[in-house]
Amino acid sequence: MNGFPVYTVSDITQLLKEIIEGAFPRLSIEGEISNFRPASTGHWYFTLKDSQAAISAVMFKNRIFRTKLKPREGMKVRVSGSLSLYAPRGSYQVICESIDEIGSGDILQELEERKRRLAAEGLFDPERKRPIPLIPKHVAVITSPTGAALRDILQVIGRRNAGLTVSVLPAAVQGEAAAGQLTDMLSYAIDHQIGEVIILGRGGGSVEDLLPFSDELLVRLIADSPIPVISAVGHEIDWALSDYAADLRAPTPSAAAELVTAEAGAVSERVNTAAEQVIREMHRKTELLRMKLQMVNTEAMTERITRRIDEHHLQVHDHTTVITELISTQRGEFRHRLELARRAIELSSPKGLLERGWSLTVDERTGTPVTTIEQITEGMRVRTHVTDGSFISEVREV
C-alpha cells in the first residue's frame, strides 16, 4: 500500500460536488453560445466558450419563461446562476437563472459581415436562382462518405425513387480541409456536368462545425454554378452562407432527397389537386361577386353607410369621454401637486420661519447675520427681525 487515501467514485464525486457548489453558489459568466440545443422537455442546453475554454450550461424551462431572449449560435451572453456537478456523468455545468445578450461572438460577427458583403454584390438575389428539376434522372451528392447525412439521402432516394442515379462526390464536411474539398468537388461536378441537380450537405453541428459551408470561395462557386444546387446543411435551426447562395435551401439532408425524388404519380396527383383548387376558388369568387352585386341597391347602401356613421359617432363619443376624464384627472393631480409645492415653499421661506416664532439677528453696522457668540462684543448694536418688523438692541454683557 502506498498510504494514499482510497475513495470510491461516489465519494470523490460528492467531495468535488461540495467543493465546487460551495465555492460558487452564485456567479455570472460571459461567453459565446455554441451547440445550442432546445430539448423536447422545454429546457435549453448549450455550451459557453471563449478562445481558451468551454463550459456546459443548462437553463430549465421554469426559468426560460422569464426571459424574452432567444439564444442562437454565436451570440455573446452573460449568464447568472450557480455551478453544479452532475454525479452520473462526473461533469460540471452552469445552472442558469438568467441570460442577457451582450453582443455577437467573433465568429458570428465575421459571418454576418461576410453575408452583408456578398449580399451587396447580389450573390443571394432571387433573380439568380435556378429552378430545381421536377423529376431529375441524375443527382450529385457532395458530402462525407461516412456521415449520417449520406445514409439518410440514399435511404430516402431508395424508398421513393430507386431508379434515380446518384453520384457521390466525397469531401470532408468539418475541419480545416473541409472548405477546400467541398469547393474542389463542386467544381469537379460543374466541369464534368455530373447530375442535373447537386445536393451539398451534412448533418447538424455548432457554428464552428458548419464554417466550411460559409467559405467565401465555396459560396461564390455555388452562386455561379450552372447546375442547380440544393444546400442541406444541418438541422432546421442551423444556417450557413451556402443556404443563401444555393438555388434552394433544404432544412435537412433527408428533406433535400425528398425534393429531388418526387414520384410521377405524386406529381400527377399534385397537378390534379391544384387544378381542383383553382376551379373551386373560381367558383367561390364568382359566387361571392354575385352575392355582392345583389347587395348593391340604394336602400342597402344607405343602411350600410348609416350604420358605419353611427359606429363612428359612438367611437368618437367614447374617445371624447375618455379624453375628458383623463384631462380632469390630470388637472386635479396638477392642482394637488401645485398646492403641495406652494406649502413647501412657504414653510421653507424666511418669512415662514419668522411667522413660526423664529427671529433673525444681524450686525447693525454691517448687516451680517449673527450666528455664533464669538461675533458678539459688548457695546455692539444689533438689529433683530421678527415677523412684523425689527428692533435695535445694544449688547451690555456677553
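Visitor: What does the side chain of Thr261 make a polar contact with?
Guide: The side chain of Arg160, at 2.9 Å. A polar contact here is a pair of N or O atoms within 3.5 Å; within protein, one must be able to donate a hydrogen and the other to accept it, and residues adjacent in sequence count only if both atoms are side-chain atoms. Keep in mind this is a predicted model: local features need pLDDT of at least 70, side-chain atom pairs count only at pLDDT 80 or more, and totals for chains, interfaces and linings use all residues. Residues are numbered from 1 along each chain as its sequence is written, and side-chain values use heavy atoms, with hydrogens and water left out.

Visitor: Is Thr261 buried or exposed?
Guide: Buried, because its relative accessible area is 0% (buried means under 20%, exposed over 50%, partly exposed in between; 1.4 Å probe, protein chains only).

Visitor: And what is Thr261 in contact with, leaving aside neighbours within four places in sequence?
Guide: Val156, Ile157, Arg160, Asn161 and Leu164, where contact means heavy atoms within 4.5 Å.

Visitor: Switching topic: which residues touch the most other members in the largest nonpolar core?
Guide: Ile142, Leu182, Leu186, Ile198, Leu200 and Ile222, out of 28 residues. Such a core is a set of buried Ala, Val, Leu, Ile, Met, Phe, Trp, Tyr and Cys residues joined through side-chain atoms within 4.5 Å. Apart from it lies another core of 18 residues, including Trp44 and Leu83.

Visitor: How exposed is Tyr7?
Guide: Tyr7 is partly exposed, with a relative accessible area of 46%.
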